[in-house]
Amino acid sequence: MSSNVTEKLIAAHLASGEMRPGEEIGLRIDEALIQDATGTMVMLELEALALDRVRTEVAVQYVDHNLLQTDERNMADHMFLRSACRRFGIWHSRAGNGVSHPTHMQHFGVPGKTLAGSDSHTCAAGSLGMLAIGVGGLEVAMAMAGEPLFVTMPEVWGVRLTGALPPWVSAKDVILEMLRRHGVRGGVHRIIEYHGPALGTLTAMDRHVIANMGAELGATTTVFPSDERVLEFLRSQGRAGDFTELLPDPGATYDLHDEMDLSSLEPLIARPGSPGNVIPVRQAAGEPVHQVVVGSSANPGLRDFAVVAETLRGRQVHPQVSLDVNPTSRQILTDLTKMGAITALIEAGARIHQTGCLGCIGMGQAPAVGRNSLRTFPRNFPGRSGTRDDSVWLCSPETAAAAALTGAITDPRDLGLDHPRVHLPATVSAGTALLEPPLPVDQAREVELSKAPSIGSLPELDPLPDSLTLPVVLKVGDDVSTDEIMPAGARALPYRSNIAALADFAFTQIDEDYPRRARDAGPHAIVAGRNYGQGSSREHAAIVPRYLGLRVVIAKSFARIHWQNLANFGVLPLEFTDESGYDTIGGELRLEGLRQAIEYGTELTVNGMAVRHRLSPRQRAMVLAGGWIPLFRRSPARSPSS
């Protein structure tokens, strides 16, 4: 049979299950990626699992999110992470080395491999022909311990690309067009595979931009073939030997189909509130802009910064605009400097910041209330920027540069300029990476974990009772993001290793009184609309409400990663059999005979209303035990996947 690239990748790594959409499958994992906002929990989980040494071929801890050291907690976390890397046999990418996704692509990405990452944008590595999936930290910890990664077998959505991008239109506009067409739920339970004659016009870093924001569509991941453009990228990194060609077979088929003529695209922009609120830039033209931020894993390539520098060269940023530039890796910062692009940006009025995520996770660069901020970022969920009443728009580097010059949202085609020619080096700068390799086994076993008093511990999780009477402490609508459930930003992130302290921030973007009501209620429930928990893979959004007493969430539907995270930590995720039940449910929920109902069936009754779960037998055992770690501790001789 003819196979597409996704099917080839899954078949080569299938550890359990059958490749039928909707079935749970287990995948062997070759590489693991961790970042510091989620990494402290991963390392505490590895400690709880009593792991001696990671078993994946490669595991890398990146320090890229929380780089602002406003007190001692941040550096204490970084020291803990380094000690854990040395103890467990993990590569350590130091603060300032770069954002995890492009940096991993530069140094470790290999076509044909699988990658599990505790960051939802891990899917960016699909640009190299990898099967790269963002999941919760506990799942990455289990993969590092040698366990399969379990996912629901998705449908494969083939998107055929034709034509070529016109001037002032770039890869960001491709993924924004996908979001314009399909919205933030369009990719749920799907892997997006791009194919077609236009692929040859897209560099590996262009593909990274598109693959990265597949997470915003809700997709399990995004896959590109490994072809000449991938070889070109690996050769520029001095890693041509890691190349393997991986193409769809002639006549390969897909479960779903879409087609996009790149030559028909125009500059697009996502309005504040959601990456799915996409319109043509021309429809928002004239809106005043006070901040422009360039960087993030959504536009991380050398070209993405260089095109802004060349557009601004010899010109001045508008007086009302703060132009902030966050280079995404130390390598890219070095090459921008050699090209003279940094000088051009500085002379134009830009502020150059350290390499890292920074404003993308709300760590600095918070915009003024009610003032438009244009960003080449992947997300603009309310409050994610660090400003509660923010107004963040998502756009391409070209559109960002146009706004920086004019002080207003501007279609870059209307600047009256020729699209700048960017000449990139054939070989990038080497020897700049701040990467510390794993210690030999005998030395690693002597390392003590560096735990400051600010480093917390995992909460103890009790089994699910057979009957529950739960007050509904919170009822929310559609598309609630993990940033709204558990905020990031400069106020909350320094407490990322202390669940008790983080509890004060839970749901405060939606309801400031939730932490108090949850504590007063004890065991409680939450009711939600569609796509509950979209966005980040941050498992704090499951652990913290669980710590506050959350036992059940009933929703119209769940986002993939958060649904799995809830089960991982013993929260029962239920769905309405009839969505109209959302309108009437509230007050107090009564659940009887829970344990037998979950163990042997998929439907339950709550207050006389039918609800269902989609848990596999493996997940049912986890929820009944109170979570994956309690299940593992209870049967230490047994594999947690058995």
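Author: Y532 and F558 are both buried. The model in which they are seen is a predicted one. The centres of the two rings are 6.1 Å apart and their planes stand at 80 degrees, so the pair is edge-to-face; an angle over 60 degrees is what that term requires. Y532 belongs to the loop between β22 (524-528) and α19 (540-547), while F558 belongs to the loop between β23 (550-555) and α20, so the pair ties together parts that are 26 residues apart in sequence.

Setting aside neighbours within four places in sequence, H562 is in contact with T482, I485, Y532, G533, A541 and A542. H562 is located in helix α20, and its relative accessible area is 1%, so this residue counts as buried, the limit being under 20%. As for A542, the C-alpha atoms of H562 and A542 lie 7.2 Å apart in space, although 20 residues separate the two in sequence.

A542 is in turn one of the residues touched by F569. F569 is found in the loop that runs between α20 (560-568) and β24 (572-576). With a relative accessible area of 5%, F569 is buried. Apart from residues up to four places away in sequence, F569 touches E45, L138, L461, E539, A542, I543, R546, G626 and G627. A separation of 18 Å lies between the C-alpha atoms of F569 and P148, which are 421 residues apart along the chain.

Y194 lies in strand β10 and F224 in the loop between β11 and α8 (228-236); they are 30 residues apart, and the pair links distant parts of the chain. Y194 is buried, with a relative accessible area of 1%, and F224 is likewise counted as buried, at 0% relative accessibility.

β10 belongs to an open sheet of four strands, in the order β11-β10-β9-β12, with parallel pairing. At its edges are β11 (221-223) and β12 (256-261), each of which pairs on one side only. On average, neighbouring strands of this sheet are turned by 20 degrees against each other, direction ignored. Within the sheet, strand β9 (residues 155-162) pairs with strand β10 (residues 190-195) in the parallel sense over six bridges.

Helix α1 (residues 5-13) lies across β9, β10 and β11, and runs at about 125 degrees to β10. Helix α6 (residues 171-182) lies across β9, β10 and β12, and runs at about 130 degrees to β12.

Two bridges join β1 to strand β2 (residues 24-27) in the antiparallel sense, and the bridge partner of S16 in β2 is G26.

Helix α10 (residues 302-312) packs with helix α11 (residues 330-339) at an angle of about 35 degrees, and their axes are 10 Å apart. The crossing of α10 and α11 is right-handed. From α10, the contact is made by L302, F305 and A306, and from α11 by I332, D335, L336 and M339. The residues of this contact comprise six nonpolar, no polar and one charged.

Terms used. Residues numbered from 1 in each chain as written. Predicted model: local features only at pLDDT ≥ 70, side-chain atom pairs only at ≥ 80, totals over all residues. Heavy atoms only, no water. Pairing = 2+ DSSP bridges. Axes fitted to C-alpha atoms, helices over the stretch in contact; angles between N-to-C directions. Contact = heavy atoms within 4.5 Å. Left-handed = near helix turned anticlockwise from the far one by under 90°. Nonpolar A, V, L, I, M, F, W, Y, C, P; charged D, E, K, R; others polar. Buried < 20%, exposed > 50% of the residue type's maximum accessible area, 1.4 Å probe, protein only. Phe/Tyr/Trp six-rings, centres within 6.5 Å; stacked < 30°, edge-to-face > 60°.
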